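Subject: Structure handover

Hi,

Here is the structure I promised to pass on. Have a look at it first, and then read my notes below.

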Amino acid sequence: MSNAKPALRVALLGCGVVGSQVVRLLREQADDLAARVGAPLELAGVAVRRLGRRRDTDVDPALLTTDAEGLATRDDVDIVVEVIGGIEPARSLILAAMSRGKSVVTANKALLAEDGATIHAAAKQNGADLYFEASVAGAIPLLRPLRESLAGDRVRRVLGIVNGTTNYILDKMDSSGASFTDALEEAQALGYAEADPTADVEGFDAAAKAAILAGIAFHSRVTAADVHREGITEITAADVASAQAMGYVIKLLAICALSDDGGSIGVRVHPAMIPRSHPLAGVREAYNAVFVEAESAGRLMFYGAGAGGAPTASAVLGDIVAVARNRIAATRGPEESTYADLKVHPMGATTTRYHVSVDVADKPGVLARVADVFAEHDVSIQTVKQEGRGDDARLVLVTHRANDAALSATIEDLQDLDIVRAVAGVMRVEGDDTP
Ligand SMILES: NC(=O)C1=CN([C@@H]2O[C@H](COP(=O)(O)OP(=O)(O)OC[C@H]3O[C@@H](n4cnc5c(N)ncnc54)[C@H](OP(=O)(O)O)[C@@H]3O)[C@@H](O)[C@H]2O)C=CC1
Ligand SMILES: N[C@@H](CC=O)C(=O)O
């Protein structure tokens, strides 16, 4: 009598940048996967929007369908992998699959950050597995370490680069002086950018990832709407060059941090100047890197490919193996943990540092009047430099940490001073105090 377990059948919803690589890996690694799972994994079908479209890998045409719901709910399907993206129809498809007892693997950060509550509740109600490692930082194992390996610790901060497209763009602008538009086109051609790159360059993608990270790290429900978000579309080649001249590099950072009293969380995504000696400054191209700071573990760094078909498919495959093993063992992975129920505090209540360039009239008393405005808002100046420019001068100030609301009020009041020609640049500074 044979001990071979029957195959586990996988329905793939979406066969684009990520899905086509999932198909390839399921085929090329079939024997290894079967050995690791303890049963073969068989592709039951592949749902797409356009049947005739050219794919990046060979897909048996007999497996292709446009009836995603029919496939996701078929009786002969055990595992549903959603790599369509967006809110609908992805949400309805996942819910339909769970209601029919399927295990679900998804890479869909937009959906989890907007309506994770519904998806997690359905997983719980139906006793279904929900794995989503690929939704944050592509290939990097980050969610499972947070959910499982660090379950015995207290995370205080998660900080890093979680969007490959914007890192690619900022890196190209920094290393070759490329324009924003040229660098974005390259990132799109390489498959890093979302279908609509607005999600990347305006920081929505990073904000969705920050919401997922904060929710897991702090055992609370955090949605994309809770995240303070600024993108990189306003950053010019001149900003990049001026940061470079001062020994800084501009990166789009996601920062999720517990307040000092541990009673709330700050979750923000914005461009920031970091010193070129900081480890995040060396994160090039579409790579991602995330620091997790936990009370007992100290500082951990996770680094790797944050976007692209094959790296993301690696994370999807890892989840497929995990849910397949769970099905064979008749068990489930960990449920969502939101017991701490911490609230997200507004950006104004966060402490940050600013780098400010102000064009002023070059005459006596100007520096004192500018310094007075900072003092009125209780913002302490760390360094100030002055460059002459004919009748005008440029003051470049870097502050100490201060309340973000006080920093922005300082900028508003500076703009009202008669000796100020223009506030030429304002950017947050991170990393001087965090290697
Ligand atoms: N690209 C990346 O680097 C990463 C992506 N992700 C996430 O992975 C997911 C997939 O991304 P990606 O592969 O880049 O996206 P693509 O746009 O490349 O692929 C989307 C796929 O979904 C199919 N599709 C769209 N609408 C439907 C529908 N109504 N029914 C059935 N199929 C449909 C498309 O079909 P057709 O091919 O016929 O148009 C296409 O095959 C997203 O959630 C994304 O955020 C996560 C990490 C990294
Ligand atoms: N567009 C995203 C893809 C992965 O999530 C990125 O650039 O990081």
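Before the details, one definition: a residue is buried if 20 or more other C-beta atoms lie within 10 Å of its own, exposed if 12 or fewer, and partly exposed in between, with C-beta atoms placed from the backbone. This is a predicted model, in which local features need pLDDT of at least 70 and side-chain atom pairs count only at pLDDT 80 or more, while totals for chains, interfaces and linings use all residues. Residues are numbered from 1 along each chain as its sequence is written, and chains are lettered from A and ligands numbered from 1 in the order in which they are written.

Let me start with Leu 13, which counts as buried because it has 27 C-beta neighbours inside 10 Å. Leu 13 belongs to strand S1 (residues 8-13); helices (H or I, at least four residues) and strands (E, at least two) are DSSP runs, numbered from the N terminus. Leaving aside neighbours within four places in sequence, Leu 13 is in contact with residues including Ala 47, Val 81, Glu 82 and Leu 93. Two residues are in contact here if their C-beta atoms, placed from the backbone, lie within 7 Å.

UniProt, in an unreviewed entry, places the feature "binding site" at Leu 13, Gly 14, Cys 15, Gly 16, Val 17, Val 18, Gly 19 and Ser 20. UniProt positions are given in the numbering used here, feature names are shortened, and annotations may be inferred rather than shown by experiment. Not counting residues up to four places away in sequence, Gly 19 touches Leu 12, Gly 14 and Val 83.

Now the ligands. Ligand 1 is surrounded by 29 residues, and the closest are Gly 14, Gly 16, Val 18, Gly 85 and Ala 107. A residue is near a molecule or strand if its C-beta atom, placed from the backbone, lies within 6 Å of it. Helix H1 (residues 17-28) provides the largest share of this shell, three residues. By class, the shell around ligand 1 holds 15 nonpolar, nine polar and five charged residues. For the classes, Ala, Val, Leu, Ile, Met, Phe, Trp, Tyr, Cys and Pro count as nonpolar, Asp, Glu, Lys and Arg as charged, and the others, Gly among them, as polar.

Where does ligand 1 lie relative to domain 1 and domain 2? Ligand 1 lies between them, because domain 1 (8-138 + 310-328) and domain 2 (143-305) both give residues to its shell.

Around ligand 2 you will find a shell that includes Gly 138, Asn 163, Thr 165, Tyr 192, Glu 194 and Asp 205. That shell divides into three nonpolar, five polar and three charged residues.

On the domains, the chain also has domain 3 (351-429); the bounds come from an automatic or database domain assignment. The centres of domain 2 and domain 3, taken over C-alpha atoms, are separated by 27 Å. Five residues from domain 2 and five residues from domain 3 make up the contact. On the domain 2 side, strand S10 (residues 264-275) gives the most, with four residues.

The largest nonpolar core has 135 residues, and Leu 13, Val 81, Ala 210, Ala 211, Cys 256 and Val 316 have the most contacts inside it. Such a core is a set of buried Ala, Val, Leu, Ile, Met, Phe, Trp, Tyr and Cys residues joined through C-beta atoms within 7 Å. Helix H10 (residues 204-217) supplies the largest share of this core, 11 residues. Leaving aside neighbours within four places in sequence, the contacts of Ala 210 include Val 162, Ala 254 and Val 269.

Finally, some backbone geometry to check. Most residues other than glycine have a negative phi, and most peptide bonds are trans. Here a cis peptide bond joins Glu 88 and Pro 89, with omega about 10°. Ala 330 has a positive phi near 55° and counts as exposed, with 6 C-beta neighbours inside 10 Å. Asp 378, also not a glycine, has a positive phi of about 65° and lies in the loop between helix H13 (366-376) and strand S15 (381-389).

Best wishes
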